[in-house]
Every structure is written in structure tokens, then in C-alpha cells.
Amino acid sequence: MNQLHLVLSATLILIFSLISCLCFGEINLVASAATMPEIQQRGYLTVAVKDNLRPLGFRDDNGNLKGLEIDLSKRLAADLLGKADAVKLQPVANSDRLPAVFDHQVDLAIARVTATESRSRIVSFSVPYYYDGAAIVTKNTDIKQLQDLSKRKIAVLNNSSTIRYIQYFIPNAELVGVNSYTQGREQIESGKADAFAADISVLSGWVQEYPQYQILSSKLSTEPLSVVMPKGLQYDGLRRWVNEAIARYTVTGWLKERTDYWKLK
């Protein structure tokens, strides 16, 4: 009984100690995105990025992260902290891009995120650094404009927003549903589709890897890609600084130069 009493007493003391620590901030069990002063004090940014999406964010043959969004992450770090390598890049899946920010796992996400009204309810968005949108890729040299696809077969990702754009601009086209970009290319290679419609940022990487393909000049839609930032008054300085930086990169032509470098349409 004495041993049981001692164990129970020790357990209660531990519980009360933990509660006291949580109340007075001595133990932090919840990660927190950093404010501007905190980022400057610790000396680095943390940014969620893509590592499989050429040419926005991908790994080169040596395993190094490259792409427009990687360049932007490093430029922000250089301007804020004086060193381009003062950034920790954290590759994430599409489903984790917003949670990484609103769960305070990273300071920012620069991972091909389209700024939308529904998303803005849980995170903040910067001014756009690139305008993405739906476009069409083909290797048929007879197809040069949207009208040339009338009554032809166009592969498109199942349940994607691109479907409604095709139905609007090319109502007589026959849609072929696919589950991935790989399947889309397979449909073209096998002759089961004449073209593939998807996001132009991804298709830009496609034609770099497969130069026999071409992207039609007409976009089906325009969607702004923005830096994802946390909500809250404590992050107002960070949001303001990121917006000013991207506006400056736009005015000085730095973003245009990097977009051209990565051959983004």
C-alpha cells in the first residue's frame, strides 16, 4: 500500500507540474510560426515547397531543390536575413500545403498554391508572383489554336476545374478522363487523345522533358499563385514585408527574369 501511495502521489505531482508549465509557458507543446522579429533572431526562414513539380519546385539530378519557387524562397531569405541559404525548405504533398502554414509548422508556403476566396478564410495570401492557368499541350503539329481541337479528343484530369473551361471554349471537343499527367501523355502517345489540358505551370515542365510537345498559346484560364502566410495580427509585419518584396521583384523585373529562365509560359 505504501508503494502504491508513493506512485499515485508522484503521478499527481507530475500532472500538476505539467499543468503549471503549460499555464506559464514553460513547456511549448504546440509549434508556432515565427513573427518577423523571431525569424530575424533565429536567423532563418522555414518554407514549405514542392519537390516534384518542374519547373516550380523539383529535384535536379543531384537531388538539389530547384525551380522558380525555390528561387523565390531563397531571394526572400537573402533580402530578409542577408543570406540566400538562410532558409529551410520543407517539401510537402499538395494536401499539406495549407495545413503546414495554419498549423504553424512553417513560416510560409511557396508551393504552387492558387489564391482563392475559400482558402483565404484560413490563411493569408501575398500578391501573386506568377499567373498560372489551364492550357493545352499536343504533339500534333496540325493543331495550332483552340478551334483546331473542335470534334477532337482532349484528355483532362478527372474532376478538375479545367473541364468546365474546355466545355466553354471548345464545346464540340470530346473529353477523355484520366487520373494523372502520366495517363494523359499515354493517351496522346497511344493515339487515344489528340491533346491534354492541364495547368500551364506543369505543362511547361512537360515540354521541357518532352520537346516534341507544344503548348497552345491561348490560355483557358488565369489563376494567381501566391505565397501562403499565417493569419493573426502578430504576423502582420511578415505579411506586409512579403507583399512589398514580391511587388519589388515584379517592378524590377527579377520575377520576369526568373520566369523566363525556367521557361514558364
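Does Ser 73 count as buried or exposed, and what is its relative accessibility? In this predicted model, Ser 73 has a relative accessibility of 1% and therefore counts as buried, since the term applies to values under 20%. Ser 73 is placed in helix α3, which spans residues 68-81. When neighbours within four places in sequence are set aside, the contacts of Ser 73 are Val 47, Val 49, Val 87, Leu 89 and Ile 110.

Helix α5, formed by residues 162-169, has three buried residues, namely Thr 162, Tyr 165 and Ile 166. These residues lie on the same side of α5, because the arc that they cover around the axis is only 100°. In an α-helix, residues three or four places apart point the same way, because each turn takes 3.6 residues. The exposed residues Arg 164 and Tyr 168 are carried by the face of α5 that is turned away from the buried side. The packing partners of the buried residues of α5 are strands β9 (134-138), β10 (153-157), β11 (174-178), β12 and β14 (223-225).

Aromatic rings were examined next. Eight aromatic pairs were found in a search of the whole structure. Phe 196 belongs to strand β12 (residues 195-199) and Trp 206 to helix α7 (residues 200-209), so the pair ties together parts that are ten residues apart in sequence. Both partners fall under the 20% limit for burial: Phe 196 counts as buried at 0% relative accessibility, and Trp 206 counts as buried at 7%. A further tilted pair is formed by Tyr 249 and Trp 254, with 5.1 Å from centre to centre and 55° between the planes. Tyr 249 and Trp 254 are both buried.

Ring pairs also join residues into a cluster, which consists of Tyr 181, Phe 196, Trp 206, Tyr 210 and Tyr 213. Tyr 210, a member of this cluster, has Arg 185 lying over the face of its ring, at 4.1 Å from the ring centre.

Notes
Residues are numbered from 1 along each chain as its sequence is written. This is a predicted model: local features need pLDDT of at least 70, side-chain atom pairs count only at pLDDT 80 or more; totals for chains, interfaces and linings use all residues. Side-chain values use heavy atoms; hydrogens and water are left out. Rings of Phe, Tyr and Trp (its six-membered ring) pair if their centres lie within 6.5 Å; planes under 30 degrees apart count as stacked, over 60 as edge-to-face and the rest as tilted. Helices (H or I, at least four residues) and strands (E, at least two) are DSSP runs, numbered from the N terminus. Buried means under 20% relative accessible area, exposed over 50%, partly exposed in between (1.4 Å probe, protein chains only). A charge sits over a ring if NZ of Lys or CZ of Arg is within 6 Å of the ring centre and within 35 degrees of the ring normal. The arc is that of the directions from the helix axis to the C-beta atoms. Contact means heavy atoms within 4.5 Å.
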